[in-house]
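Hi,

Here is the structure I promised to pass along. Have a look at it first, and my notes follow below.

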Amino acid sequence: MSQRLSAKYLLPLLPLPLLIGCSGAANGVPQQPATQTRYCAQQGLVLQTLGTGGPIAEGNRAGSSNLVWIDGKARFLIDAGPGLFLRYGEAKADFNDLDAILLTHAHGDHVGGLPGLFNSGSFAQRGRALMLIGPKGDANFAGPAELRDRLVGANGALPYLKGFVDGSEEKPVLQISAIDIKKRGLQPMLRDKGIEIDAIAVHHGPVPALAYILRYQDQMIVFSGDQSFMSDDFVAALKDSKPDILVMHNVISMAAGQPRGLHRDGTAIGEAAAAINPKKLLLTHNMKRALDDGPAVMTAIKSSYKGAVTMANDLDCFIADPK
């Protein structure tokens, strides 16, 4: 794995901590998501948490989605949960700048925003193709090709957008990359002008699921996706890689009876973070049951991981500090 990384880019003229949150809570104290527009177009690698909620409509957090800005352009979308249409517009992202959509898995709270994004993008008059990446599907969970065809194919739910499949009506073709989750270790997805993206299979119960590692120059962000404590290969492959940001999902409480075969609880989050050793641990995909049990979750995380922890809100922006 990569040696310790240092970032070169920082927001100009501001005294910065290890990471900058445009808003949000420090040390994992839950707050309501911000409602005002954020603009994260800065030099270097910037993460914007577009949607930080879970699968239940229980507040004003959008479904899971993250936007990666590189040198002022919104280049990569990781997951596309419900509410993406609104948050994408509030972020002032340009569909023409988007290079790839990377899906961690095909649960509705991670892909439910795709129809609105494609419909909006159909007005962009974009010529170049757009990559759609995700795990290979099975009988219960669609892969990226099935999602594309069932949503915007000629026989799909929105056939008037079939140009995303065949290139008609000046629509950008969705180029599919379906990742085999049976393979172990890091799988290269993209190498382009200092940008490197790898995928790695994670355990999310019966669901085909991936995590993603994105590097730009000497900066690195890890997106854990939904995963359980049984994701041993993920931890082993990233051990002591020291990413600038490790994004993990805060889904379950510390109470008995929680679905630990699907998600990491606070203890398992802390153990993974301690092994990977990020500069900052960022908690997102926040469900009410986890937020209500916030002090116990944070205590469990801190029992293993001693670094900084931030609870993300919708539209927050984070950039690494070279210190």
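I276 counts as buried because its relative accessibility is 0%. Bear in mind that this is a predicted model. I276 sits in helix α7, which covers residues 266-276. Leaving aside residues up to four places away in sequence, I276 touches F234, L238, K239, D240, S241, K242, P243 and L246. I also looked at I276 and Y305: they are 29 residues apart in sequence, and their C-alpha atoms are 9.7 Å apart in space.

Two of those contacts of I276, D240 and K242, form a salt bridge, with the closest N and O atoms 2.6 Å apart. D240 is partly exposed, at a relative accessible area of 38%, whereas K242 counts as buried at 15% relative accessibility.

The count of salt bridges comes to 14. Among them is the one between D265 and R260, where the closest N and O atoms are 2.6 Å apart. Here D265 is buried, with a relative accessible area of 9%, and R260 is partly exposed at 23%. Another joins K162 to D166, with 3.6 Å between the closest N and O atoms. K162 is partly exposed at 33%, and D166 is partly exposed at 47%. There is also a network of salt bridges linking R75, D99 and R128.

As for the whole protein, it has nine helices and 15 strands. Of its 323 residues, 57% are buried. The accessible surface comes to about 12800 Å², and 54% of that belongs to carbon and sulfur atoms.

How values were computed
Residues are numbered from 1 along each chain as its sequence is written. This is a predicted model: local features need pLDDT of at least 70, side-chain atom pairs count only at pLDDT 80 or more; totals for chains, interfaces and linings use all residues. Side-chain values use heavy atoms; hydrogens and water are left out. Helices (H or I, at least four residues) and strands (E, at least two) are DSSP runs, numbered from the N terminus. Buried means under 20% relative accessible area, exposed over 50%, partly exposed in between (1.4 Å probe, protein chains only). Contact means heavy atoms within 4.5 Å. Accessible areas come from the Shrake-Rupley method with a 1.4 Å probe; for residues, only the protein chains shown count as cover. A salt bridge is a side-chain nitrogen of Lys or Arg within 4 Å of a carboxyl oxygen of Asp or Glu.
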